[in-house]
Amino acid sequence: MKLYSLSVLYKGSTKANLLKAAYDLSSFSFFQRSSVQEFMTFTSALIVERSALGSRASIKEQEYLCHVYVRNDNLGGVVIADSEYPSRVCFTLLDKVLDEFSRQVNSIDWPSGSPATIQYTALDSHLARYQNPREADAMTKVQAELDETKIILHNTMESLLERGEKLDDLVQKSEHLGNQSKAFYKTARKQNSCCEIM
């Protein structure tokens with residue numbers, strides 16, 4: 001999973017104006033980097049120009065996904081990521097960056113601003129921090145922990161069964177289960193294939 005660029009733009013009446021951008025082009029060769037950066041800047045501006053106010057979208061371009069959010073105040077943001085990066089995290093990042101940018105940079109400067117004149121320095125740190133969505137985003141971290149727990153539980157049950165024991169035998173031998181509970185288990189196992197453990 002990789003984030004390549006994070007841009008903040010102003011959507012004017014005819015074209016989008018780049019206000020600030022950050023790039024991580026370390027996965028490209030040194031000789032490709034300037035061309036790739038120009039392409040990403042061009043694509044980001046084009047996407048913001050063609051997007052409606054108050055809209056969010058994800059656009060596929062070759063093996064990349066471009067996530068755009070254009071607010072009703074004409075401030076827009078674009079994240080370019082690989083196709084494996086979770087889109088929900090990209091939109092969380094865009095929300096955060098655009099809110100922070102609008103608080104720190106006066107809206108009077110948006111239509112005529114440029115990367116050289118806009119005083120906003122947090123894009124590089126946001127791009128670096130969000131490279132690992134598990135660390136940057138709480139929901140992704142919780143989901144990853146749940147997935148790991150499911151794997152651990154599944155592996156634990158498999159290791160129990162690998163010793164030649166079957167869950168059916170354990171239920172039959174159990175002193176903690178009454179006859180009614182054992183009958184319920186047998187009935188549930190017959191009627192519901194999800195109770196079967198292979």
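The legends below describe close-up views of a predicted model.

Local features are given where pLDDT is at least 70, side-chain atom pairs count only at pLDDT 80 or more, and totals for chains, interfaces and linings use all residues. Residues are numbered from 1 along each chain as its sequence is written, and side-chain values use heavy atoms, with hydrogens and water left out.

**View 1**
Helices (H or I, at least four residues) and strands (E, at least two) are DSSP runs, numbered from the N terminus. From that end on, the order of the elements is β-β-α-β-β-β-α-α-α-α-α-α. Of the 198 residues, 38% count as buried. Buried means under 20% relative accessible area, exposed means over 50%, and partly exposed lies in between (1.4 Å probe, protein chains only). The accessible surface comes to about 12200 Å², and 53% of this surface belongs to carbon and sulfur atoms. Accessible areas come from the Shrake-Rupley method with a 1.4 Å probe; for residues, only the protein chains shown count as cover. A contact is a case of heavy atoms within 4.5 Å. Among contacts with a separation of 6 or more, 53% are between residues 24 or more positions apart.

**View 2. Five strands form an open sheet in the order S2-S1-S5-S4-S3.**
The pairing in this sheet is antiparallel. Two strands pair if DSSP finds at least two bridges between them. S2 and S3 (55-61) stand at the edges; each has a single partner strand, so one side of each is left without a neighbour in the sheet. Direction ignored, neighbouring strands of the sheet are turned by 20 degrees against each other on average.

**View 3. Strand S1 (residues 3-11) is joined to S2 by 7 bridges.**
The two strands run antiparallel and form a hairpin with 4 residues between them. Several residue pairs can be picked out across the hairpin. Ser7 stands opposite Ala21, Val8 stands opposite Lys20, and Tyr10 stands opposite Asn17. S1 is also joined to S5 by 7 bridges, and this pair is antiparallel too. Here Tyr10 stands opposite Leu75 in S5. How much of S1 is buried? The count is 9 of its 9 residues, so S1 is largely enclosed by the rest of the structure. S2 is mostly covered, with 6 of its 8 residues buried.

**View 4. Asn17 lies in strand S2 (residues 16-23).**
Is Asn17 buried or exposed? At 17% relative accessibility, Asn17 counts as buried because the value is under 20%. Leaving out residues up to four places away in sequence, Asn17 touches Val8, Leu9, Tyr10, Trp110, Pro111, Ser112 and Gly113.

**View 5. Helices H1 and H2 both lie across the strands of the sheet.**
H1 (residues 33-50) lies across S1, S2, S3, S4 (64-70) and S5 (75-82), and runs at about 45 degrees to S1. Axes are lines fitted to C-alpha atoms, for helices over the stretch in contact, and angles run from 0 to 180 degrees between N-to-C directions. H2 has 18 residues and reaches 26 Å from its first C-alpha to its last, close to the 26 Å expected at 1.5 Å a residue. The expected span is 1.5 Å times one less than the number of residues. The buried residues of H2 are Val89, Cys90, Phe91, Leu93, Leu94, Val97, Leu98, Glu100 and Phe101.

**View 6. Cys66 and Cys90 are both buried.**
Cys66 has a relative accessible area of 1%, and Cys90 is likewise at 1%. How many disulfides does the whole structure hold? A search finds 0 disulfides, where a disulfide is a pair of cysteine sulfur atoms within 2.5 Å. In general, a disulfide is a covalent bond between the sulfur atoms of two cysteines.

**View 7. Ala122 sits in the loop between H2 and helix H3 (123-129).**
Its relative accessible area is 16%, so Ala122 is buried. Ala122 and Ala21 are 101 residues apart along the chain, and their C-alpha atoms are separated by 9.9 Å.
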